[in-house]
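Let's take a walk through this model together. Have the sequence and the 3D view open as you read.

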Amino acid sequence: MREDSDQITIVFNSNREGIPGTLNLCLDHIRQKAGTSPLDEDLLAKIKWVIMELLTNAVKHSGERETVLKIGLTVDAVILEKEDYGKPLVLVGQDRKKIMWPLEEMVRPLDFPIYHNGMDSLCVRTDESGRAIFFIEELAELEMPALLSDTSEHFGLLIMTKASDEFAYEHEPESGLNRFISTFYFTQPIP
Amino acid sequence: MILKVEEINRVVQATILPEEASLSNADAFKEEMITIIGKGVRLVIVSFENVNYIDSSFLGSLVVALKYAMPRNVDIYLVSLKPDVKNLLTLIRMDKVFRIFNNYEEAQGTLN
């Protein structure tokens with residue numbers, strides 16, 4: 001573990017047994033950095049959910065490869081980053097269409113619906129650089145929640161998108177680096 | 001063994017034993033739930049009293065169990081959820097498809 005003034009880097013070996021210990025390490029760092037201005041419990045709970053899902057995602061999708069988790073605290077935000085060199089992201093949408101990274105030029109920018117549970121539609125928007133920004137569109141409630149039609153790899157993405165203030169994915173084709181970024185903004189800056 | 005199970009009059013009380021309901025035990029939970037549902041019970045009350053946190057894998061198993069139960073006319077109720085766990089279920093709208101109660105007694109009260 002490397003530590004500097006505002007960010008730590010934790011190497012996670014992508015095994016499921018390591019999840020609880022790594023989660024606690026991350027939360028301890030955040031609490032310590034928050035110091036005398038402890039974070040709101042609701043915010044900490046959301047951060048915990050996202051770290052859990054990032055680590056679970058690493059176990060499921062990174063294979064035996066190492067995953068690097070970076071946790072940064074600034075005066076106005078907590079920023080979680082998960083980096084690996086595993087397979088780039090592939091998303092399968094509601095109509096079974098796929099998008100995969102690196103994106104071809106012709107499909108940028110793009111809005112892509114991934115999943116809906118009858119009330120929330122999880123979507124991704126790509127920008128000119130190929131960066132994917134996840135967002136939620138609220139739907140009018142259906143009689144039978146569509147939650148039951150899709151049990152899904154998408155719960156994890158849904159949790160991370162709804163819990164974070166911003167949730168994004170980046171892929172660097174030259175190096176093969178994948179990066180998920182989750183940002184939580186403080187309602188009041190830490191003094 | 002993920003669940004501690006007691007059955008009275010085709011109503012099963014199934015208490016999740018681990019503190020972490022996660023990727024490490026989601027498949028085992030799903031298999032145990034499917035076995036219980038397959039025995040012809042009418043209601044499974046799942047207690048989360050020991051669970052401090054839950055992840056998407058376990059939530060997925062919970063939904064698989066519900067999908068298996070519905071065509072067999074078996075209900076699944078959830079009880080004794082700690083605030084963090086309940087808030088996560090609510091976040092992804094699972095409170096719309098599961099009936100949630102404070103405890104076993106409250107859940108069983110619906111049977112009268």
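Helices and strands here are DSSP runs, numbered from the N terminus: helices are H or I over at least four residues, and strands are E over at least two. This is a predicted model, where local features need pLDDT of at least 70, side-chain atom pairs count only at pLDDT 80 or more, and totals for chains, interfaces and linings use all residues. Residues are numbered from 1 along each chain as its sequence is written, while chains are lettered from A and ligands numbered from 1 in the order in which they are written.

Start at Met119(A), which sits in the loop between strand 7 (110-116) and strand 8 (120-126) of chain A. A residue is called buried if 20 or more other C-beta atoms (placed from the backbone) lie within 10 Å of its own, exposed if 12 or fewer do, and partly exposed in between. Why is Met119(A) partly exposed? Because 17 other C-beta atoms lie within 10 Å of Met119(A). Asn178(A) is 59 residues away from Met119(A) along the chain, and their C-alpha atoms are separated by 30 Å.

Now move on from that loop into the strands. Strands of a sheet pair through backbone hydrogen bonds, either parallel or antiparallel; a pair is counted here if DSSP finds at least two bridges between the strands. Strand 8 of chain A runs antiparallel to strand 9 (residues 132-138) of chain A, with 7 bridges joining them.

Stepping back, chain A is divided into domain 1 (2-84) and domain 2 (90-171), with bounds from an automatic or database domain assignment. The contact between them takes 6 residues from domain 1 and 5 residues from domain 2, where residues are in contact if their C-beta atoms, placed from the backbone, lie within 7 Å.

Next, the two chains. Their contact takes 24 residues from chain A and 23 residues from chain B. On the chain A side, helix 1 (19-34), helix 2 (41-61) and helix 3 (154-163) each give two or more residues, and helix 2 has the largest share, 7 residues. That side divides into 14 nonpolar, 5 polar and 5 charged residues (Ala, Val, Leu, Ile, Met, Phe, Trp, Tyr, Cys and Pro count as nonpolar, Asp, Glu, Lys and Arg as charged, and the others, Gly among them, as polar).

Over in chain B, look at helix 2 (residues 56-69). Of its 14 residues, 11 are buried, so the helix is largely enclosed by the rest of the structure. Among them are Phe58(B), Leu62(B) and Leu66(B). The cover over the buried residues includes helix 2 and helix 3 of chain A, along with helix 1 (26-37) and strand 6 (75-79) of chain B.

Chain B also has an open sheet of 5 strands in the order 1-2-4-6-7, with mixed pairing. Strand 1 (3-8) and strand 7 (99-101) of chain B stand at the edges, each with a single partner strand, so one side of each is left without a neighbour in the sheet. Strand 7 of chain B pairs with strand 6 of chain B in the parallel sense over 3 bridges, and Arg99(B) in strand 7 is the bridge partner of Tyr77(B).

Notes. Two residues are in contact if their C-beta atoms, placed from the backbone, lie within 7 Å. The expected span of a helix is 1.5 Å times one less than its number of residues.
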